[in-house]
Structures are given as C-alpha cells and as structure tokens.
Amino acid sequence: MEREALQAAVCELDAAVSPLDANADRAAVVVEASALPAIVRRLRDEPQFAFAQLLDHVAVDWIDRGQFELIYQLYSFKHKHFLSVSVFVPRDDPRVPTLCRVHPVAEWQEREVYDLFGVLYDDHPDLRRLFLEDDWVGFPLRKDYQDDFMLDRPR
Amino acid sequence: MTVEVSSLKELVEQASGDDRSPDTQEYFVNMGPQHPSTHGVLRLVLKLDGERVLRCIPVLGYIHRSIEKISEHMNYMNCVHLTDRMDYLSSIMNNWAVSKAVEEAAGIEVNSRIQYIRTIFAELERIQSHQLWWGVLGMDLGAFTPFLYGIRDREVLNDVMEETVGARLTMNYVLPGGLMADIHPNFVHRVKEFIKYFRPKLDEYDDLLTNNVIIQERLRNVGILSPQTAVQYGATGPVLRGSGVAFDLRKDHPYGVYDQADFEVPVGTIGDSWDRYWVRVEEMRQSLNIVEQLLDNIPPGDFLVKKLNSKIKIPEGRYYSQLETARGVLGVFIASDKKDEPYRLHYRSPNFNNLWCLEPMIKGDYIASLIGAMSSLDLVIPDIDR
Amino acid sequence: MGIVTDKLPGALEKVPGGNVLVTRFDEIINWARASSLWPLTFGTSCCAIEMLMATGGPRHDLARFGAEVARPSPRQADLLILAGTIVKRMAPRLRTLYEQMAEPRYVIATGACTISGGPFIYHSYTTVRGADEIIPVDVYVPGCPPRPEQLFHGLLTLQKMIKEGETIREPGVRRKPVISALPEGITLEDIQGEMKELLVKENVVDVQHAVDKLKWPSGLNEQSSGKSGANESGAGDGT
Ligand code: SF4
C-alpha cells in the first residue's frame, strides 16, 4: 500500500487513531494510550495490514511539551510496508499498557525504555532495569537527568 | 492495571524456593560476564535441572556505554564515529546506516560512485564478519583449528580494505555525504585477487567444518527456532532467514546499488543451529558474487559531495532508516529539533532483538547445546548494550 | 653447556677453571617470568577482536613471545590484557578478577578506553575513565584499537620491565607504569627491526658481553676493601 493510503486505512480502524505528519518518510499515526494494545493486535491480525513484527520501540523526551513520545515501528513481511505508531504520555505520570501479549519482543524493548526513561508499563510481567543496576537512581536518557559523574565536553 | 517493578535478586530468590522434587534439584548457574564463549560480557543466569536448561535469563549492561546519550551532544558527522564501536564487526554498515538516515533526512543526494563503493565495502565487510564468526563457532564447540583458518583469511581481506580505509577494525569510512577517501588505485585489482583466493577456501571450510560429523551432530536439531517465534521475538538477519523467512532488506527494500546486482537470499528450512550456520556460509558466497558483479562497473565521480566538517542541519521531525548489517536490521531513529545535533538518536540494534530468541530456542535442552546455539546467533555484546 | 649459555640471557659468569656458571637467582626467575606470561582473556568490546583474536591468529601469532596460553580463568593467568571499555557495572567484576589472579600479576591496558575512557569520556553516565581507577596498570598501549603490533610492543616493554623489576629481596617493587606509544616519526619498519634485533639478542647471548656488564651486588665487591657498603644497604646479612 502507498504511504498515504496506508495511513488513511489505519486511521479508519478506530476513533482513537489519528494521523501524524511530523514523520517524513513513512506512514505514521498517533494512538491513545488506553487503546494501544487492541489496535496493535488488530494491525497484526487483519490481513490487509499483517504487521507481524515489532521492529523497534523508541521513546523521546519532549521536555518542552511535558510529554514522552513512545514510538512503535511495525513491519509487515507480507505487504512489505512500515508503520510507525506514536503514543503521547504525560511526563509526570508516564504510564502505558504493555504490548507483551501482542508482540513478545516488546517485553525487553519496554524494559529498555523503562530503564532509560522511567516509563511504566501496565501489566508488564517482568519490569526490571535492563542495562543499569537495580539500585540506580534516576533515568539517564531523560533530558533533565543530572549526575555528578558525567563530564561536560569543554567547548 | 498494575505496575510492578522487580529486581533480579527477587526473581532468583522467589524461583529457588518452590517445587523441589525428591530426586533432582533445580539450581541457578551464572554464566558470564567473564566467560570465553559469550563473546564478551554477556551474563546468562541459567536455571538448571541437572543438565537441562529450564530458564535462561540474559542480564545485560556490562558494556552499556551510553552511546545514545553521548550522541545527543555531538553533531551528525561525529555521531558516525561512535557507531562503529557498537557492532565493530560490521562497522562500515553501521556508518552507512547513520549516513543514510542523515542523508535522507537532510536531503543530500550522493552520486552513484559513492553508492557503488559503499555497497562493495559493505559486502566485503560482511564476508569478513562471517569469517570471524565461522572461526569462533569452531572454537566455541571445542575445535581450535577453524579459528586459525578463519583469522588467516580474514587478515588477507583486512589488508585489502586497510589499503583504502587506513584502519583494521573501526573503519569510519562512510560519512554523511560521501566517503572518507577515494579507493586506492590497487583496490579493484586486489579485490579480484582476493576473490580468486577465497573461493577455493570456502570449499576448504566445507571440508573442514561443514561436512564434519561432530559439527553436524552438535548443530543439527539443536536450538530450533520456528518462523513464528522468530518473527514474534524480533529476530532479523541470518537468524530469521535460518528459520525460513526470506526477509532481506537488500532484496526487499534495496538501498545502495543492490538492485543492480544479481544475488540470492539463502534461507533455512527448520530453523535449527545448522540452518543458521549454513545461511551464513552461503551468504559469504553470495557476497563474493555481488562484489564480483559490481567491481568492474564503478563509475567515475567524486567521493564526497558534502564538505567535511560542514554542519548538517536536519528539518524538524522524526526520521527512521534501516539497512541490513551482517547480523540483521540496523535501524536508526533520529528526532530532530532543527539544530545540528540530534535531539534523540536511537539505534535499533539487530543483536538486541536476536538475543531474546535464545530462551525459546534452548528451553529444555542440554547446557552444552546452549553454547552451540548461542554461537549460531553470532552475538556482538557491545551492540546489544550500546 | 653451550645450549644453556646460549639460551640464558642476562648475567652469567664463568668460574675460572671449572664447569660452573654463576648467575643471580633474580635474573633466572625474572627471565622465566617474562618469557612465559599466561594472559587472561578479558575482552569487553572492540579492542578484544584486535588484541585477543587477531594476535592469537596465524598472521600475528602471540606464541612467538611465549604468551599464547590464553586462559579464561584468572586462577591460571598472570597477565591481564585489558581490551575494551570498562563501565561502572563491570568495574567490581574486573577488580575481583584481578584479585583472583596469582601473584606476581601484570596488567597491560590496551586502547584509549582503558587509558582515559576514550571516545566515551564526555556525557557518558556509565563509562569508567581509565582502568587505573580500578586496578594498577603496568603498561598502557594507546590506540583505538591498537594494532596487534602495538600490543607486541607493549608486551616486549612489559618483559623488559619484568626483567629489570622485582628482586627477591624487594618483592613487589615495580617500576612506574609506562606508555608503549610510538614517538613521532617512528614507522612500523623500525618496530619490526627493533623486534627482530631484540629477538636475536634474547636468544643468542654474547656471554662475554654479559659478563662484562655484570655488576656484583655491592657487598661482594667491596668485601676486601671494607664493609661499609654492605652495612649501609643492609643487604649483606645472612645471604
Ligand atoms: S579503545 Fe576504541 S576500539 Fe578499543 S574498546 Fe575503546 S572504543 Fe573500542
């Protein structure tokens, strides 16, 4: 499917989905956090989409807007198309339902985002830190992360 | 809706308390982070019953160097240099992935000479990476000789590439907007010599390892990964192709000049360690074919379309770009806020996603099979941790 | 006898009129230590490929320097070749490994990362800035990654240090750490030449030269003239 057609088709799935135009190179949609697992499941199961693999999960800390953007990159082996699904959550209460039950690999990708951003995944079976020790304080990839250990590059 | 944050300690303690059968006891074994066959500092917490693996919990972070955080304070030209420290065995492909993402986002067009050279180098490096993997696989299974053979041929190819690139491992050759240097005048000639040298060596590899009974016994029907599991667990590259899914970005979404080369994508049948082994050995042959076809057609032109040290600014937005490294799909995510530094740079590393196939692969199997299965995944730990 | 004097470098003295050779115990022990180092394979990242795999391979061949018996277990190793970045989480493990190694133990730190943190020094929240924050280092080998030849240069530097280093009377006293860097204007050919020269020198010992160079411990030389020297250093007692 062409990029625009795919974007339009995905948006017709549900009222919780709306198009996102900031993404320059592939179809992108915004989904409301509560509807995320159901919609990703439908994207996986419905034959005209067939998004079988969750390629990647990224979080971006938009500190000026007070939001985290969680981006899920989906790929369909059948139709060979990509889709990026964004979810916006508030920075002070970052909670989103987990996708583990739809795409098992989400378990670890979400653990990485929890580790580095502190986003909490509801119903995640094993939410632990992934890269840092269990007693690490703070979430280092947040823009306001402070650490005495870090050095600034002399300009 | 519940959120519960746990720790590794709790996980181990809570598991060791319950169900003790009278004859055998379940116990935990730590494998790594300093272990010769984990290729670096991967730590696996294994729950064993006798010699059977019941659970395999990878513990990461022993080489987490915070590359993504550092990249937020660098301009796009500098970011490239950190990428070949991630998956150092496919460093040119890593450079290319970032360069490709930046070029697509900033609208920089590169000429076809650059694309040809990048493609040829990427394929040479794929061969190089698989040579090392081949030797190390032998070593992991207890045979030291393949290691010597693999390194021997790797050095030959290394010399050819070093003449142009000037480095042996972390090559830094591809930049946004071109290449670091033009190819050496000897390059084409020497690559041809290498191809002539290496073709018969691949048959030697077959004699030595592929047709070896011990290797077959240790790899066949070990670590079976079904195509469904492979897709669900995020596997890409030779791991996914070994399970029979013919997905290769070089074929399905061609970049560089892969659409001008004629090659095949080897796929396995049942997805055991043997299939993954075979896919990689076959990929070396296909890469030789690709290089051979492209080598004589390198068009004339500049090797750099963008001035070095020039600041590249990317319009606001999110960009995602991916290419196929020796281990799978490397994705580069850039969120830009119009500055010359990325607002957020994220790498989808192929190893990170391939690693999780380990547990479904070896659950219920012997601990000795774990080594062979892990070797067939060809993990590079610094790429997992970044 | 010919073989012994040919192969044993360092100080040898023929006792006139007899089939007896005299040397110092320290020389023999240090020679043995320096010539059979057993490295521990400690590779965390990129450098490991160059330092442990390429050098172990047939082209570069660490075995030429008697250090090819790479052990995965620290209990059987006495040389720690640090190859790769060290992060905070790995640091305690590195310390444990170092402490498990048998004495005397030596450390070669290879790569920019183990010297200063290398490319990951700024804005990194995990990278340890240099291995010497955790364990003492004997020889630094700079590069990112260093070439295998550079590791050999570092290894030869370490061997030289060991030979001139500890004595039985003063165990544990070492020279300061050194950097085995190439000064400006030195090429690979020079190093190869130097290595060749060194190897030739190590294996074929000019006994007469060695004897001439030999300096006895002060106590023995000065016995006839007076005993002031021996008493000052406190070395002559009971040995
Ligand atoms: S010094 Fe360079 S090559 Fe060595 S570990 Fe550090 S980044 Fe990698």
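**Exercise 1.** How many salt bridges does the rule find across the interface of chain A and chain B?

*Solution.* Start with the rule: a salt bridge is a side-chain nitrogen of Lys or Arg within 4 Å of a carboxyl oxygen of Asp or Glu. Applied across the interface of chain A and chain B, this rule finds four. One of them joins E72(B) to K143(A), with the closest N and O atoms 3.2 Å apart.

Before going on, note that this is a predicted model, where local features need pLDDT of at least 70, side-chain atom pairs count only at pLDDT 80 or more, and totals for chains, interfaces and linings use all residues. Residues are numbered from 1 along each chain as its sequence is written, chains are lettered from A and ligands numbered from 1 in the order in which they are written, and side-chain values use heavy atoms, leaving out hydrogens and water.

**Exercise 2.** What area is buried between chain A and chain B?

*Solution.* Buried area is the accessible area (1.4 Å probe) that two parts lose on being put together, summed over both. Here the value is about 4,600 Å², with 56% coming from carbon and sulfur atoms. Next, look at individual residues: W108(A), R128(A) and F131(A) supply 14% of the area that chain A buries against chain B, more than any other three residues.

**Exercise 3.** Which chains supply the residues that surround the ligand?

*Solution.* First, find the shell (residues with a heavy atom within 4 Å of the ligand). It holds 14 residues, and among the closest are C46(C) and C113(C). Chains B and C both contribute, so the site is shared between chains.
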